[in-house]
Each structure stands twice: as C-alpha cells, then as structure tokens.
Amino acid sequence: MQPGKESFVEKRKISRFRLIRRDVEQTKDVKKMLAFFKSAFKTAEENNLALYAGSWSFFFILSAVPLVLLLIMACDALGVNVTFLLEDMPRELSDGLKLIFSVAEEASKGATFILVLTSLYSSTRLFSYMLKDGEMIYGLRRKNGIFRKIVGFMLLFLVFLMFLAAATVLLLGKKISAAIFSGKWGTIAGKLVLNLLVISAVYLIIVTVNLFLCPRRNKAGAVMLGSLLSLAVTVLGSIGFATYLHFFASYTDLYGNLAAIVVLMLWVYITMLGMVSGNALIKILIEKQTVRNTAKECRLPEKSEEGFR
C-alpha cells in the first residue's frame, strides 16, 4: 500500500474512533441525566413533596389577605397604587387576586393597630410553616420553635421589602417604557422589558426564600440553580394553566361565583409545586457536593503517603 493511501486509511480510522468515542460520551451523558431525574423523582416521592406543596398552598391562602392588606397600606404610604400589577395578568389568573385585593382594600380603610399586629402574625405563619417543612425536607432541624418564628418574621420582612422595591421599579419602568416606546412594536418591546423585570424580581424573591428554607451550609450555588427550577416550573406552569383555562376549561359553568377562588387555589398549588421542586433539586445538589468533598478528603491522605514514599 502506498504511503498516501496508508495515511488516508489511518485518518479514516481515527475519525471513526472519534465518532464512536463521541457517541459513547453522549450515551453516558444521557444515562447521567436519566439517573439524575430518577434521583429527583425518588427524592420527591420519599419526602412527600406534593404534600408539602399542598400545605404551603393552604397557609398561603390563609395569609393572602393579611399580606395584601399590609402591602396596600405600605404602598398607600409611599403613594404607589399596587393594583397596576394585575393589569397585564391573564384574566383567568387575576380574578382571584382582584377579589383578595378588594377585600384587603376594604379592610385597610378602617385598619387599627390591633389589625396590623394580627395581619403580621397571620402573614408570619406561612413562612414559619415553610421553614418547619424545610427542616423536614433537608433532614436538619434548627434550634427551636421560637427561633423559627423569629426567622419567619425576618423572612416576611425581607420579602415584603423586596416586593415593595419591585413594585416601585416596575411602576417606574412602566412609565419610562410608555414614554420611550411608541407604536405597535414599541408596545411589544415595552411589555417584554416589563415581563423581564417581573421575572427577575420573582427570581430574587424565590432565591431569598430558598436561602432561608435550606438549613445547610455552603449552599449558594445549589440555591441559585434550584431557584431557577422553581422559577421555570412557576412561569411555565402558570402559562400552561392560563392557556388551558382560556381555551379548554369551562370552570365558570361548574363553579359559578366560586370559580375565581378555585382557580386561585390551583394556581397557588402550581406555584408551590415549583418551590418544592426547587428545594428538592437543592437537596440533591448539596448531597452530591458533600459526597464529592468526602471523596476528595479520603484521597488526600493516600497522596500524602505516596509523597513521603
């Protein structure tokens, strides 16, 4: 065989070998991904995460009116009309929130100091129970119940401040986009910018809540990734649910005047499923990182002994 032909055959062999190696690596990646999802579903089943989502939804509904009452009072003091947040929402999802806002507005007209304290206590219960369930999910308990309630109040205060800041930024962004953008495409661009601001604000709130829910250390990276999953499930679930209600569901014929409340409860449950899914991912990532760190620590003595030899 001539030298040129030999080199050509060798190149073909090398290229085939590279293709086979790439296929093997892709198969390994697929197997790792399937194993990861299998581990995630196993974690969800073992920890009864759907039950936690239902519990959080229940306490969210109980805390919704007190939370909105405090929000309306704070926004009135700042001169911000927070109801503008409901204008661009799908009607199928906003009806229940509008009902809660109307009840809270009526309550805020005759608000007293006792009512404010009661609203604070009722709002804190949601985060206290989320922190308690977070201890069960991660398998690590905090000091005591009083400490958990203090942390729950701190979390409420932080989320409340973040929500106020987000509402103020969104209101300013809406006014600026209305002044800058004009015409059909300008309106679309303005709505796109506002939606990005809303998604960013929601992600920051989810990250804050998950940082408090996770009692483990060295968790920042895992919490960021888990919060992305929570955001994805919440946004995609909300879009899918609103689409289903708009085109396929005849829920008003079945539930009548209660339709808005039923839809709100289902939407809150989807949101809480997103929160729980994110925490399940955070737990898996932290456990994998712990295993890696332990394996590295076990290898260090062997390397040091080989160095002495």
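Reader: How do the residues lining the largest pocket divide into nonpolar, polar and charged?

Author: Sorting here goes by residue type: Ala, Val, Leu, Ile, Met, Phe, Trp, Tyr, Cys and Pro count as nonpolar, Asp, Glu, Lys and Arg as charged, and the others, Gly among them, as polar. On that basis, the lining of the largest pocket splits into 41 nonpolar, four polar and three charged residues.

Reader: Before we go on, what am I looking at, and how is it numbered?

Author: It's a predicted model, in which local features need pLDDT of at least 70 and side-chain atom pairs count only at pLDDT 80 or more, while totals for chains, interfaces and linings use all residues. Side-chain values use heavy atoms, with hydrogens and water left out, and residues are numbered from 1 along each chain as its sequence is written.

Reader: How much space lies in the largest pocket?

Author: Rolling a probe the size of a water molecule over the atoms shows where empty space is left. A pocket is an open set of points on a 1 Å grid over the protein atoms alone, where a 1.4 Å probe fits, with protein on both sides within 12 Å along at least five of seven lines; lining residues have an atom within 4 Å of a point. Points are joined across faces, edges and corners, and the volume is the space filled by probe spheres set on them. For the largest pocket, that comes to about 1,900 Å³.

Reader: Which residues lie nearest the centre of the largest pocket?

Author: The lining takes in 48 residues. Nearest the centre are Met-89, Phe-163, Val-198, Val-202 and Trp-267.

Reader: Which helix gives the most to that lining?

Author: Helices (H or I, at least four residues) and strands (E, at least two) are DSSP runs, numbered from the N terminus; the chain has nine helices and zero strands. Among the elements that supply at least two lining residues each are α2 (49–78), α5 (145–180) and α9 (259–308). The top contributor, with 10 residues, is α6.

Reader: Is Val-169 buried, partly exposed or exposed?

Author: Buried means under 20% relative accessible area, exposed over 50%, and partly exposed in between (1.4 Å probe, protein chains only). Val-169 lies in helix α5. Its relative accessibility is 45%, so Val-169 counts as partly exposed.

Reader: And why does Val-209 count as buried?

Author: Val-209 sits in helix α6, and its C-alpha is 7.8 Å from that of Val-159, 50 residues apart in sequence. Val-209 is buried because its relative accessible area is 6%.

Reader: How far apart are the C-alpha atoms of Ser-123 and Phe-153?

Author: Ser-123 belongs to helix α4 and counts as buried, at 0% relative accessibility. Although 30 residues separate Ser-123 and Phe-153 along the chain, their C-alpha distance is 8.6 Å.
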